[in-house]
Amino acid sequence: RVDRRQRQMCIRDRLKIYSPNVLNLTLVDLPGITRVPIGDQPKDIETQIRRMIMDYIKNENAIILAVSAANTDISTSDALQMAREVDPNGERTLGVLTKLDLMDKGTDAVDVLKGKIIHLKLGYIGVVNRSQQDIMSSKNIKKSLDDEAAFFNKFYPELAHQSGTQF
């Protein structure tokens, strides 16, 4: 969110979950990179977002969830590029590969998911999210998870046991 008075990026929303049965963990959902400012966004929005992301991921105790779309070239992933700057050996980066169902026919992401293209010690998780049509038609979460599991069993059977939103 942009604070209009200061014209700087800031995080304001927090969710706290208390339980004696879970680890003490802080989860910060950082924005994706905005390259072209729209509306009243500051001209340096990309620089501000990159700076904010780096402030969080440079912490040696942070586990980085590097989310990338499978239907783009993984070597151009901003998330993986920024993670590599602070975690060059991939020791604390977990790759999340989305949009596997939107890849061109005849292609797959097996080598990426197996870490053969860009190695990450924590590996990769592939996910298939609900589409806008699924949301508009009120497709429930259970059906979405079942469809996602069916997708992995059909197209990535050797990785189905370690892929999907539930993983």
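Which element supplies the largest share of the lining of the largest pocket?

## The largest pocket

In this predicted model, the element in question is β3, which contributes six residues to the lining of the largest pocket. The strand covers residues 64–69, and two further elements, α1 (45–57) and α2 (78–86), also supply at least two lining residues each.

The space within the largest pocket amounts to about 980 Å³. Its lining consists of 32 residues, of which Val 28, Leu 30, Ile 63, Ile 64 and Leu 65 are the closest to the pocket centre. Sorted by class, the lining contains 21 nonpolar residues, eight polar residues and three charged residues.

## The nonpolar cores

The largest nonpolar core comprises 20 residues. Within this core, the residues with the most contacts are Leu 97, Leu 100, Ala 109, Leu 113 and Tyr 156. The largest share comes from α3, with three residues.

When neighbours within four places in sequence are left aside, Leu 97 is in contact with Ser 68, Ala 69, Ala 70 and Ile 74, among others. Its contacts also include Ala 109, Val 112 and Leu 113, as well as Ile 125, Gly 126 and Val 127. Another core, of ten residues, lies apart from the largest one; among its members are Ile 33, Met 54, Ile 64 and Met 82.

## The aromatic cluster

How many aromatic pairs does the structure hold? There are four aromatic pairs. One of them joins Phe 151 and Phe 152 in an edge-to-face arrangement, with 5.4 Å from centre to centre and 85° between the planes. Phe 151 and Phe 152 are both buried.

Why is the pair of Phe 151 and Tyr 156 counted as tilted? The ring planes of Phe 151 and Tyr 156 stand at 45°, with the centres 6.1 Å apart, so the pair is tilted. Planes under 30 degrees apart would count as stacked, and those over 60 as edge-to-face. Both Phe 151 and Tyr 156 are buried.

Ring pairs link Phe 151 and Phe 152 with Phe 155 and Tyr 156 to form a cluster. Tyr 156 is also among the residues with the most contacts inside the largest nonpolar core.

How values were computed
Residues numbered from 1 in each chain as written. Predicted model: local features only at pLDDT ≥ 70, side-chain atom pairs only at ≥ 80, totals over all residues. Heavy atoms only, no water. Phe/Tyr/Trp six-rings, centres within 6.5 Å; stacked < 30°, edge-to-face > 60°. Buried < 20%, exposed > 50% of the residue type's maximum accessible area, 1.4 Å probe, protein only. 1 Å grid on protein atoms, 1.4 Å probe; cavity = no way out; pocket = protein on both sides within 12 Å on 5 of 7 lines; lining within 4 Å. Points joined across faces, edges and corners; volume = space filled by probe spheres on them. Helix = DSSP H or I, 4+ residues; strand = E, 2+ residues; numbered from the N terminus. Nonpolar A, V, L, I, M, F, W, Y, C, P; charged D, E, K, R; others polar. Core = buried A, V, L, I, M, F, W, Y, C linked by side-chain atoms within 4.5 Å. Contact = heavy atoms within 4.5 Å.
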